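I opened this chain to look up its charge pairs, its surface patches and its backbone angles. My notes follow in the order I made them.

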Amino acid sequence: RLAGIQNKWFYPEHNQTETPIGVWYLLGLTGFLALLFLIYVINYRLHERAINRENNQHNKRLALINETCKVCIWTYDVNTKLFTWRNEKGESAHTFTAYEFALHYHPEDFTKVMDILHQLEEGPEDEDKEMTIDIEAIDPENAQSEWRDYTMTLSILRREKDGHPSLILITKKDITEQHRQERQTEERELLYKSAFGNPIIGILQFDHDGYLININKRGCDIFCCDHDAIIPEHVSYHDILGLQDLKMSEA
């Protein structure tokens, strides 16, 4: 008591209340935690922006691929059995049940699609193969009512933790024009073969340099030549015409 009274009278500065050291430790710990939280928030924001930039780049590439290659992208959810059409940004545009999805395909083609989906679901966990089939369908993406030809590629897009497929990617490309051109080419070849085999008309085929590359039987009869013998001789159309003029003058 005397020491307290003495300090009060002779050393008043000693009576000022001092902050406990534990408070300073608590404040320091709070500041350190606040700094860690701030660093986490900044890092999270930067990571989020990087992901957004990457997604935007992927969306732009996806839109370019869709526009250039005319590819339609679908996903099949293994658990819900739903088909989802993805727009050019990769976003869900419309969802179909299996029954609704089947309405746009011939029954046998839809059966092929479901068989491949089942194979991908039941396949080995370490096997991520692609399977491709050609089908005929009505395009639901553009609300078209005509049947068109498509090539469809199916592959596993995502798996569960246990390795079981959860999402299957389906890409569908319109090959109607390609098939039309192929059919036209086949028809032209058939017409050419039919005309070339005509026993009445002599047909000679020359390349762009004017050299004989083919001649039918009637042509051989007209020019008195053998097919297997004249082709290797690299005969030009000038030689053929000159030979014919000579024969006509002799006659």
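Predicted model: local features only at pLDDT ≥ 70, side-chain atom pairs only at ≥ 80, totals over all residues.

Entry 1, salt bridges. I began with D174, which forms a salt bridge with R148; the closest N and O atoms are 2.6 Å apart. I then checked where the two partners sit: D174 is in strand 6 (residues 165-174) and R148 in strand 5 (residues 147-159), so I noted a pair 26 residues apart that links distant parts of the chain.

D174 has 24% relative accessibility and counts as partly exposed, because buried would require under 20%. E146 counts as partly exposed too, at 42%.

Next I took D109, which forms a salt bridge with K112, the closest N and O atoms being 4.0 Å apart. Both residues lie in helix 4 (residues 107-122), and their spacing of three residues is about one turn of the helix. Is D109 buried or exposed? With a relative accessible area of 7%, D109 is buried, whereas K112 is partly exposed at 40%. I wrote down the total as well: the structure holds eight salt bridges.

I searched for charged patches and listed a negative one formed by E182, E186, E187 and E189. I followed up E189, which has its place in helix 5 (residues 176-196). Its relative accessible area is 43%, so E189 is partly exposed. That value passes the cut-off for patch members, because these need over 30% relative accessible area and no salt bridge.

I then turned to nonpolar side chains. Which residues form the nonpolar patch on the surface? I listed L29, F32, L33, L35, L36, L38, I39, I42 and L46, with about 860 Å² of accessible area together. From this list I picked I42, which lies in helix 2 (residues 21-69). I42 counts as partly exposed at 45% relative accessibility.

I kept one general point in mind: most residues other than glycine have a negative phi. K81 is not a glycine, yet has a positive phi of about 60°. I placed K81 in the loop between strand 1 (71-77) and strand 2 (82-86). At 38% relative accessibility, K81 is partly exposed.

H234 also went on the list, with a positive phi near 55° in a residue other than glycine. I found H234 in the loop between helix 7 (227-230) and helix 8 (237-250).

The secondary structure comes to eight helices and eight strands. Of the 251 residues in the chain, 25% are buried. The chain exposes about 18300 Å², and carbon and sulfur atoms supply 56% of that area. Among contacts with a separation of 6 or more, I noted that residues 24 or more positions apart account for 43%.

Notes
Residues numbered from 1 in each chain as written. Heavy atoms only, no water. Patch = residues over 30% accessible without salt bridge, like charges linked within 9 Å, V, L, I, M, F, W, Y side chains within 5 Å. Areas by Shrake-Rupley, 256 points an atom, 1.4 Å probe, with all protein chains shown as cover. Lys, Arg positive; Asp, Glu negative; His and termini not counted. Charge placed at Lys NZ, Arg CZ, Asp CG, Glu CD. Helix = DSSP H or I, 4+ residues; strand = E, 2+ residues; numbered from the N terminus. Buried < 20%, exposed > 50% of the residue type's maximum accessible area, 1.4 Å probe, protein only. Contact = heavy atoms within 4.5 Å.
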